[in-house]
Amino acid sequence: MAKTRIALAGIGKIARDQHIPTLANSDGFELAAIVTSHAQVDGVPAFRTVTEMMQALPDIQALSVCTPPRGRQALLEEAFAHGLDVMIEKPPAATVSEATGFADMAAKANKLLYVTWHSREGAAVEPARAWLKDKGIRRVDIAWKEDVRVWHPGQEWIWEPGIGVFDPGINALSVLTAIMPRPVRLEDAELRFPSNKDAPIAASLTMSEPQGAVIRAEFDFDQRGPQTWDIVVQTDAGTATLSIGGTRLAIDGEPVEVKEEPEYARLYRHFAGLLAARRSDTDLSPFHLVADAFLLGRRQTLGAFDWNG
Ligand code: NAP
């Protein structure tokens with residue numbers, strides 16, 4: 001079958017670390033162009049806008065968006081106006097209304113929108129969901145702690161008002177909302193802001209689910225040394241531990257064998273499946289929990305953040 005001709009918009013860290021190498025090895029997609037303010041990718045034509053790209057290469061079929069969450073509106077309007085199907089990196093947008101609007105725009109244009117959650121493609125996430133689906137959940141503890149200096153070196157957008165530690169934290173929430181048998185609700189939040197930034201560097205969340213289990217999450221963007229991406233679910237039939245960002249699963253301490261496959265290979269395979277079925281996937285539930293944390297969160301101020309600190 002012919003590969004889908006796809007363009008990448010926003011050639012930064014995640015485009016270079018994951019999207020470009022994944023597309024280079026993809027059976028389903030061919031990287032046909034980039035939309036960029038200044039980047040170059042060997043052998044791939046570059047354009048400043050989607051419109052310029054479509055004038056030069058009208059056979060491009062899809063756009064994968066790797067720009068920061070704030071500022072995607074115009075890009076998506078242009079993409080749908082030119083008849084492209086679109087997938088977007090997490091977090092989906094700057095605000096909930098903007099993200100909801102993206103889904104409406106896709107539906108009106110009769111095009112697909114894939115709101116991606118790469119951590120849901122961790123190899124152990126689906127096995128965890130399958131194991132948990134008939135269990136009574138007693139308690140969930142999430143620890144998602146990483147060093148912003150390693151994963152977002154010098155990226156000032158991460159400290160714009162809003163997302164901060166929820167940029168990685170939303171990955172944990174995307175896994176949580178995928179594996180829990182019932183919907184999750186935010187109950188309480190504490191957001192900790194550096195004195196010189198308008199975005200939180202750490203957060204503690206308390207959530208609930210309809211059968212009464214308590215779900216706690218600790219997010220930290222200032223974790224030095226080993227990084228932690230763990231979710232521990234205590235049930236009436238044992239404890240499931242998802243570790244290393246949803247790539248490992250143990251039940252009562254016993255490792256479960258999972259099929260090893262890189263997250264982004266699965267992500268693009270999922271998009272290929274959506275294209276074949278002509279179906280959108282626009283689940284915003286992790287984003288709703290983040291928005292709720294800002295609605296309910298108590299605020300604490302910490303010392304100043306320093307990229308070199
Ligand atoms: P990044 O390194 O800052 O790259 C973003 C790119 O988007 C820039 O290089 C630029 O590309 C373009 N851009 C357009 N408007 C911009 C603006 N106002 N400020 C900065 N860049 C702008 O960011 P990233 O780490 O790749 O993250 C991009 C998205 O991927 C985010 O939603 C993030 O949450 C997600 N993500 C990141 C990681 C990670 O490990 N860093 C992992 C998974 C997902 P051009 O120069 O080509 O115009």
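Tutor: Begin with the term pocket: on a 1 Å grid over the protein atoms alone, a pocket is an open set of points with protein on both sides within 12 Å along at least five of seven lines. Note also that this is a predicted model.

Student: Which pocket is the space taken by the ligand?

Tutor: The ligand takes up the space of the largest pocket.

Student: How many residues surround the ligand, and which are the closest?

Tutor: A residue counts as near if one of its heavy atoms lies within 4 Å. Here 24 residues surround the ligand, and Ile11, Thr36, Ser37, Lys90 and Asp167 are the closest. By type, the shell holds 10 nonpolar, 9 polar and 5 charged residues.

Student: Which polar side-chain atom lies 2.9 Å from an oxygen atom of the ligand?

Tutor: A polar contact is a pair of N or O atoms within 3.5 Å. The atom you ask about belongs to glutamine 155. In histidine 38, a side-chain N or O atom is 3.1 Å from a ligand oxygen. The protein buries 78% of the 870 Å² that the ligand exposes when taken alone.

Student: Why does the ligand lie between domain 1 and domain 2?

Tutor: The protein is divided into domain 1 (4-115) and domain 2 (123-256 + 291-302). Both domains give residues to the shell, so the ligand lies between them. Their C-alpha centres are 27 Å apart, and 7 residues of domain 1 are in contact with 12 residues of domain 2.

Methods. Residues numbered from 1 in each chain as written. Predicted model: local features only at pLDDT ≥ 70, side-chain atom pairs only at ≥ 80, totals over all residues. Heavy atoms only, no water. Polar contact = N/O pair within 3.5 Å; in protein donor to acceptor, adjacent residues only side chain to side chain. Areas by Shrake-Rupley, 256 points an atom, 1.4 Å probe, with all protein chains shown as cover. 1 Å grid on protein atoms, 1.4 Å probe; cavity = no way out; pocket = protein on both sides within 12 Å on 5 of 7 lines; lining within 4 Å. Sits in = over half its atoms within 2 Å of the grid points. Nonpolar A, V, L, I, M, F, W, Y, C, P; charged D, E, K, R; others polar. Domains from an automatic or database assignment. Contact = heavy atoms within 4.5 Å.
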